[in-house]
Amino acid sequence: ARAERPAAVEGMIAEALRRLFLKPGADRYRRFVELLKGGELALELEKETETSLVFRLLKPEGGGRLAEFKGIKLRIEKVGEGEGAGVTYFLELDKSWRKFFEHELKIVEETAGRLRERWPIEDPFPYMAGWPASDVAISRKGKMLQMTTSHFWQVAETKVLFGWSDAVRLRVSLTLEGPKLQLLVQAPLDKLNKAVGRSAEGGWLKRLGVKAKSWDELKRWAIDNWSGVVEAAVRRLDEKTLTKEELEGLNALRDKLNDDKIAREVIAPALLLMQAEKLGVNEESLRYFAAVVSGAIGGDGYVSAARGEVGLTCGDRAVALLWGAAFRAHGIKAKVKGAGREFEVV
């Protein structure tokens with residue numbers, strides 16, 4: 001009622017609650033949903049910005065009093081702009097809820113332990129490189145690596161690579177398929193720096209002639225060698241089919257590589273293009289290619305047995321073209337399609 005456009009806000013609240021109680025019979029988090037049922041539910045606006053609303057959850061008690069649900073808040077957040085804009089709904093949970101989801105967290109820990117034993121990796125960086133291109137973000141503010149996902153296997157696999165701390169934050173995303181638990185994990189950026197250094201000393205990066213001791217030095221290498229990356233991409237994509245805007249977009253990426261958000265999407269396909277130039281296509285290079293691509297597709301892609309194809313989603317056409325060129329450079333047919341802010345390399 002205190003919001004600027006109550007009708008719009010009420011509609012968003014109604015949608016959030018609809019999603020919370022959607023498919024309760026089949027919901028894997030029915031135990032959680034049941035806690036919020038069995039009576040009336042009240043909301044109190046706690047914080048409002050131009051893009052988000054945060055509500056405290058309250059439960060009416062006798063005598064007109066309201067008791068707060070401890071450690072839980074509803075956040076409604078607008079994402080994107082224009083036609084691609086949307087709204088996300090989720091419940092933020094504090095650390096007190098860890099015990100409630102102990103079973104799920106235990107699954108992640110046990111799976112990561114089994115992976116660690118069975119997955120002998122001499123150079124982890126190729127496996128790590130694909131994940132920043134998709135789901136693993138870099139936060140300069142805290143010099144941290146961060147990931148949010150509702151897929152436990154993603155947390156388990158990346159925990160082996162990045163060593164996520166046990167200080168997991170929890171939230172329940174309210175999707176059109178019902179509530180889904182999301183894990184928010186993080187690790188020091190130094191984990192990635194050390195992996196880059198080790199790889200450059202005696203691993204994949206050394207084979208590519210890359211000299212770097214950290215993520216920042218790897219970005220600098222990409223900036224200094226960007227003309228070679230573009231030349232390789234153009235050759236693989238066939239210069240005659242590229243538009244003037246596409247070529248300008250590829251060249252323009254060089255000046256954006258100091259931005260971690262751009263660099264983490266670009267470094268992986270750029271390295272794969274350089275690999276095809278230096279190592280060719282053979283058993284060794286295809287192993288490295290598979291390691292890098294597994295993380296990128298594991299985060300932002302799909303595998304369809306029915307259609308016999310693999311797809312990778314990108315938010316920028318120039319980045320999608322780089323991936324398309326990297327696929328082609330390793331003998332894999334690939335086409336780039338899409339418009340606006342979403343492109344697919346198939």
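How many residues does helix α9 have, and how far does it reach from its first C-alpha to its last? The points below take this up and then turn to a helix crossing and the aromatic rings.

The model is predicted, so local features need pLDDT of at least 70 and side-chain atom pairs count only at pLDDT 80 or more, while totals for chains, interfaces and linings use all residues. Residues are numbered from 1 along each chain as its sequence is written, and side-chain values use heavy atoms, with hydrogens and water left out.

1. Helix α9 (residues 226-237) has twelve residues and reaches 16 Å from first to last C-alpha, close to the 16 Å expected at 1.5 Å a residue. That expected span is 1.5 Å times one less than the number of residues. Helices here are DSSP runs of H or I with at least four residues, strands are E runs of at least two, and both are numbered from the N terminus. After α9 comes Asp238, with a positive phi near 80 degrees.

2. Trp226, Val229, Val230, Ala232, Ala233, Val234 and Leu237 of α9 are buried (under 20% relative accessible area; exposed is over 50% and partly exposed in between, with a 1.4 Å probe and protein chains only). The buried residues of α9 pack against α8 (215-224), α10 (244-252), α11 (260-279) and α13 (317-329), contact meaning heavy atoms within 4.5 Å.

3. The axes of α8 and α11 come within 10 Å and cross at roughly 60 degrees. Axes are lines fitted to C-alpha atoms, for helices over the stretch in contact, with angles from 0 to 180 degrees between N-to-C directions. In α8, Trp215, Leu218, Lys219, Trp221 and Ala222 meet Asp260, Ala263, Arg264, Ile267, Leu271 and Met274 in α11.

4. The structure holds twelve aromatic pairs (ring centres of Phe, Tyr and Trp, the last by its six-membered ring, within 6.5 Å; planes under 30 degrees apart are stacked, over 60 edge-to-face, the rest tilted). One of them is Phe32 with Trp97, edge-to-face at 5.4 Å centre to centre and 70 degrees between the planes. This pair links distant parts of the chain, 65 residues apart: Phe32 lies in α2 (residues 30-35) and Trp97 in the loop between β4 (86-93) and α3 (102-118). Both Phe32 and Trp97 are buried.

5. Phe32 and Trp97 form one aromatic cluster with Phe100 and Phe101. The charged end of Arg31 sits over the ring of Phe100, 4.7 Å from its centre (CZ of Arg or NZ of Lys within 6 Å of the ring centre and within 35 degrees of the ring normal).
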